Structures are given as structure tokens and as C-alpha cells.
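Have the sequence and the 3D view ready.

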Amino acid sequence: MPCSRCGKAEAEVFFKQIVKSRVTELHLCGDCSASLDLLFGKAPSSAAPASCSACGRTWAEFQKYGLLGCPDCYDAFARPLEGVLRRVHGTSAPKQA
Amino acid sequence: MKLGAMLRVRMAWAAHQGPLHEVVLSSRVRLARNVRGLPFPGHASGRVLGEVLAAAREAAAKARSLGKAAWIELADVDEVDREFLIERRLISALLAREPRQRAVAVGERELLSVMVNEEDHLRLQAVDSGLCLEELLRHGLALEEELGRTIPYAVHPRLRHLTACPTNVGTGLRASCLMHLPALSLTGRLGPLLDELAPAGMTARGIHGEGTQVLGDLYQISNAVTLGHSEARIVAAVSKRVEALARRELDARRGLAAPGARARAEDLVWRSIGLLANARSMPYAEAVQHLSWARMASTLGWKAPASLAAINELILLTQPAHVQMLTGRPLDPVERDVLRAALLRKKFS
């Protein structure tokens, strides 16, 4: 599948973005996904450690692949993830109902 | 090609029963779970993947709800077998892409299954025909509880179930229904109804999920949001929306059968039946479109040559890997199209 931004290279990264409950799906090549700040936003350097101490996954890798490395990443990247969860689910914490 | 015996299994989801089965072919509940303390599959070493595989195999063998489950390691079967499992919706394309240290446990009637080492360590699935998400959630949670006796899950005190992708965190639940919506599509009313899904936290996809093409007016409707609501509330919301859509579709079908509109619908249906009964070669996408019209006619009580049960079965059996399984050998696309057409003629003439 070609990249939905440049239309040239093969898509490697699949983004699903939900903003105000509207779903957008994008298929991007490596370069476009790295250069665009589409889904996850740039984490301020003070907000995120360079990497998860349990598995070594970096925030930059998460931004590139959209996948965390291990359960501990949720604590390691808690602050920048808050924004991601709010964008994807409309909340950053469960409320039971 | 080792999995040919599975063709004899009467798959729960391909049956023509259950609430609103004329429109809702099947319901599916998927729960994503990970093992506490281990890296997620995409970031794990071969040794860790092997550990998860062994633990899952042991847990699946003990799980009573899986019954006499088949354990299939994807590295032990060939590409046609893996494609066959995708077509039966037992594994994802992602799991098939990297078969080493990947497996699926398949319960009786293929009602319950567990994918191992996909994006998450465990992807539990419950599928059945008709609109039955509440019941499937009970089955899925019962299986989750059984596997959890030996596998400690990665659970966060605030977020609950942790998943490799944050789009699944919280409940790890995807509740979806495979819907047949030809009349809404034909009358141009489907687009606006699908547009209403996103604001409600839901999404519509093709038959095999994310990124797949919509064939034969078959849509998978599912929740997009997994955090912030309980499992029961998510399932209730999807069920309510699917039921409303199904009722609109049935109304639209009745509208197509009314005097004035009927000639156009009949023409579409009988042209399709003519091709299904006579074509000598037919690609799958075309076959599903014709089967879609024949299916609609059958639910309206029009005298189609094949029954609803036979049409549901053909939607499954005419897929590329299934045609190869039925003939017992790998086929090139041209041969597959010829054999598919022969299969369809047999049922429609």
C-alpha cells in the first residue's frame, strides 16, 4: 500500500487518530511518519525519559511505530501518554459504569 | 496444507441463526491481554516469545471453556494453511506474517480461540452468528478467567489491562458485528449512517478488520474506544447501534421489495444469480458481490436457487485459501477463479 502522504514509498506505519471522536486512518512511509507530528505529538523532553528502564524502548520509537515495549512503558512515559490516551479515548483514565 | 480437516467443522459464525441473523452474520468479542513483567511481542526476544507460547499452550490445554482445543503453531503449517486461518477469522494477517513462535488455540466449533504472540501476548476471541455480543462477552471473560489461573496478566492499578498499542488499553475489548447492508447501500442511505459511528466512538471496516476492503456490502461495526467505559457498557452501546442499523436495513429491504422499486432490485438479484449459475471463471470480490444480492433475495423470501445457509457457506468457502483446501492443492489465481465458478454453478443451477 502506498504512503497516503507522499504516495511514493510503501506505507510502513499505520496511524489511527480519533480527535473529538472522529476517526482518521493514515498509512505512512517511514520518512513521512517520522517527519509528521500526527498522532502522538512531540513529547517535551522534560516530560518523558529518553527510554523505559525496563525494556529500553524510547519515546521516539513509540512515536515511530505506535507500539510500547512492555507494561512498564505506561509508567515510564506516563505524562506524554496522558495526552495520547486523551486524544484516542477521550479520557486518560477509566471511569466505571 | 495440513488443516483440510477443519473444512468439516460447522463454524459457529457461519450458521444462519441468532437474533437479526438476516443482517448480522456474526458477532465477535476480542480481549487483548499481556503477561505481567514481559516485553510485548513486537519488542520481545525469541526466548521470551517461546516462554509465552509454552505458558499459553499449558493454560489453553487446561481451559475447560475451549473444550478439546486444537493447538496450531504457525511455523508448522504452510502459507495456504495460514491464509485459510485468516479467512476463517481465527488469526490476523499480522500473526501470519511472522509465523515463528506464533500460535492459535482453536476451541470446539471455532466459537472460542486464542491468538498467541500477535501484537499482544494473548488475543482471546469469541464468535457466533447473529447479534449476541453480551453472551460472547460472558464467554470471553470466562475464558480470560480460566487462562488467568496460570498466566498473570499485566494490569495497571489505574488503567487496567495494558496493551502494546494504547488504542487497546483499559478493557482490551473490541466488540464487533459483521453486517450485511446491501439495501442501505443501494438506496444511498448507508453513508450518513456510517458517518454517525465515529462521534459515537465506533468505526466501520471491511470483513477482515483494519485496513481491509469492504466486499459484498459486508461491514464490520465495532467500538473504537477501549478506555473510560466498562466492558458491559461498550458491548451494550455497540449492540444498540448494530440493532438500530439492522432494523434500518430490514426496512430498506422491504422498501426495495415494494411495488415500483421491486423491478430494479429483482433485476440486480437475477442478473447476479444468472452469473453465479453460469460463469466459468469468477474472482472472489465479484463472487461476494453477487452472493450479496442473492443473500438479500433469500432473506426477502424470493425464490433464489440457493438457501440462506448455502449462501452464508459460499461466502466462506469461495475465499482463495478455502478453494485450495477444497481441491487439496495450491492453485494459481486463474485456476482458483475457474474452480470457484464451478463451485458456485453447482449450488445455483
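Start with Gly90(A), which sits just after H4(A) and takes a positive phi of about 80 degrees. Keep in mind that this is a predicted model.

H4 of chain A runs over 78–89. Its 12 residues should span 16 Å at 1.5 Å a residue, and the end C-alpha atoms, 15 Å apart, agree with that. Which residues of H4(A) are buried? They are Leu81(A), Val84(A), Leu85(A), Val88(A) and His89(A). Look down the axis of H4(A) and these buried residues fall within an arc of 100 degrees, so they line one face of the helix. That spacing makes sense, because an α-helix has 3.6 residues a turn and residues three or four places apart point the same way.

Next comes the contact between the chains, with 27 residues from chain A and 31 residues from chain B. On the side of chain A that touches chain B, strand E1 (13–19), strand E2 (22–28) and helix H4 each give two or more residues. H4(A) supplies the largest share, five residues. By type, that side of chain A divides into 16 nonpolar, seven polar and four charged residues.

Over in chain B, have a look at two loops. Glu110(B) lies between strand E3 (103–106) and strand E4 (112–116), and its phi is positive, near 60 degrees, though it isn't a glycine. Glu110(B) counts as buried because it has 21 C-beta neighbours inside 10 Å, the cut-off being 20 or more.

Asp217(B) sits in the loop between strand E9 (202–205) and strand E10 (218–223). Asp217(B) isn't a glycine either, yet has a positive phi of about 55 degrees. Asp217(B) is buried, with 21 other C-beta atoms within 10 Å.

Terms used
Residues numbered from 1 in each chain as written. Chains lettered and ligands numbered in written order. Predicted model: local features only at pLDDT ≥ 70, side-chain atom pairs only at ≥ 80, totals over all residues. Contact = placed C-beta atoms within 7 Å. Helix = DSSP H or I, 4+ residues; strand = E, 2+ residues; numbered from the N terminus. Nonpolar A, V, L, I, M, F, W, Y, C, P; charged D, E, K, R; others polar. Expected span 1.5 Å × (residues − 1). Buried ≥ 20, exposed ≤ 12 C-beta atoms within 10 Å, placed from the backbone. Arc of directions from axis to C-beta.
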